[in-house]
Amino acid sequence: MADVTSITEADLGLEPCSGVGAVVTAIDLSKPLADSTLDCLKSALGKYGVLFFHQQKLQPDDHIRFAEAFGPININRFFTPVEDYPNIAEVRKEPQHDKNIGSEWHTDHSYDLAPAMGSVLVARQTPSSGGDTIFTNMYTAFDTLSEGLKNTLLGLQAVHSSRHVFGAAASRDNPDYNDRLGNKDAATQDAVHPMVITHPISKRRALYVNPQFTIGIDGWTTEESKPLLELLFRHAIRHEFTHRFAWDQGS
């Protein structure tokens with residue numbers, strides 16, 4: 001007998017993107033979601049790597065509820081939180097700011113000992129042009145390496161750190177960051193992770209290094225690490241692996 005409560009990708013209005021990700025068009029995230037819908041969304045997240053939603057009307061409590069459906073919230077300790085909502089980090093650029101945050105390729109929270117499963121981002125205000133975010137497919141980045149390099153990477157771990165980005169040495173006294181980033185004394189942790197991870201949902205292997213937070217290969221010198229890491233960084237952002245997402249209010 002068929003399970004009449006099962007939800008399919010077609011029920012979600014899911015449309016795969018080129019490179020990475022999928023747009024979900026038939027879900028209202030402001031309402032509690034049935035377990036079957038959440039199960040399908042989680043499966044799609046594992047399959048496509050990132051899910052995009054447009055024209056959502058989320059209040060902060062809705063945002064939190066949706067995030068908690070995937071697991072406990074990993075609170076970012078460096079970003080200024082939204083007023084009255086300490087577990088929502090505010091990522092913004094005002095006209096007086098010279099630089100946006102997150103302008104380099106990165107994987108959120110890879111510097112943590114137990115990185116977050118992912119991030120749930122909601123656009124509140126968007127510029128008339130620009131402000132897009134580019135995502136890349138780290139499954140494909142791994143799959144398209146040579147068998148020899150794949151086997152080499154499977155035996156290696158990389159060192160990730162937040163010190164040089166959020167710590168005292170990063171000169172965050174620049175007024176451009178004072179109202180957006182803080183808590184630099186908490187940027188004291190280095191983490192070691194496999195250079196190839198198995199995604200917890202899809203069970204697929206993915207390359208797990210990024211230019212912003214990966215600072216070396218465990219057990220190797222900086223001089224030894226740099227050529228291999230730079231090769232992987234360049235490979236991972238090949239155009240055919242990526243998708244450029246244009247935000248609008250409520251995305």
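A: Let's start with burial: a residue is buried under 20% relative accessible area, exposed over 50%, and partly exposed in between (1.4 Å probe, protein chains only). Here, Phe53 and Phe66 are both buried. Keep in mind that this is a predicted model, where local features need pLDDT of at least 70 and side-chain atom pairs count only at pLDDT 80 or more, while totals for chains, interfaces and linings use all residues. Residues are numbered from 1 along each chain as its sequence is written, and side-chain values use heavy atoms, with hydrogens and water left out.

Q: Is Thr80 buried, exposed or partly exposed, and what is its relative accessible area?
A: Thr80 is partly exposed, because its relative accessible area is 27%.

Q: Where is the place of Thr80?
A: First, how elements get named: helices (H or I, at least four residues) and strands (E, at least two) are DSSP runs, numbered from the N terminus. Thr80 belongs to the loop between H2 and strand S4 (81-82). Arg92 is twelve residues from Thr80 in sequence, and their C-alpha atoms are 9.7 Å apart in space.

Q: Which residues of helix H2 are buried?
A: In H2 (residues 60-68), those are Pro60, Asp62, His63, Ile64, Phe66 and Ala67.

Q: What covers the buried residues of H2?
A: Think in contacts, meaning heavy atoms within 4.5 Å. The cover includes helix H1 (35-48), strand S3 (51-53) and strand S5 (85-89).

Q: How many aromatic pairs does a search of the whole structure find?
A: Rings of Phe, Tyr and Trp (its six-membered ring) pair if their centres lie within 6.5 Å; planes under 30 degrees apart count as stacked, over 60 as edge-to-face and the rest as tilted. The search turns up seven pairs. Phe53 and Phe66 make an edge-to-face one, with 6.1 Å centre to centre and 80° between the planes. Phe53 sits in strand S3 and Phe66 in helix H2, so this pair ties together parts that are 13 residues apart in sequence. There's also an aromatic cluster made of Phe52, Phe135, Phe245 and Trp247.

Q: What sits over the ring of Phe70?
A: A charge sits over a ring if NZ of Lys or CZ of Arg is within 6 Å of the ring centre and within 35 degrees of the ring normal. For Phe70, it's the charged end of Lys42, 5.9 Å from the ring centre. Likewise, the charged end of Lys150 sits over the ring of Phe142, at 5.6 Å from its centre.

Q: In what order do S1, S2 and S3 form an open sheet?
A: Two strands pair if DSSP finds at least two bridges between them. The order is S1-S2-S3, with mixed pairing. Strand S1 (14-16) and S3 are the edges, each pairing on one side only. S1 and strand S2 (residues 22-24) run antiparallel and are joined by three bridges; Pro16 has Ala22 in S2 as its bridge partner.

Q: Which residues touch the most other members of the largest nonpolar core?
A: A nonpolar core is a set of buried Ala, Val, Leu, Ile, Met, Phe, Trp, Tyr and Cys residues joined through side-chain atoms within 4.5 Å. The largest has 21 residues, and Leu153, Met195, Leu207, Val209, Leu228 and Leu232 touch the most other members. Helix H3 (138-143), helix H4 (147-153), strand S10 (205-207) and helix H7 (222-236) each give two or more residues to this core. H7 gives the most, with five residues.
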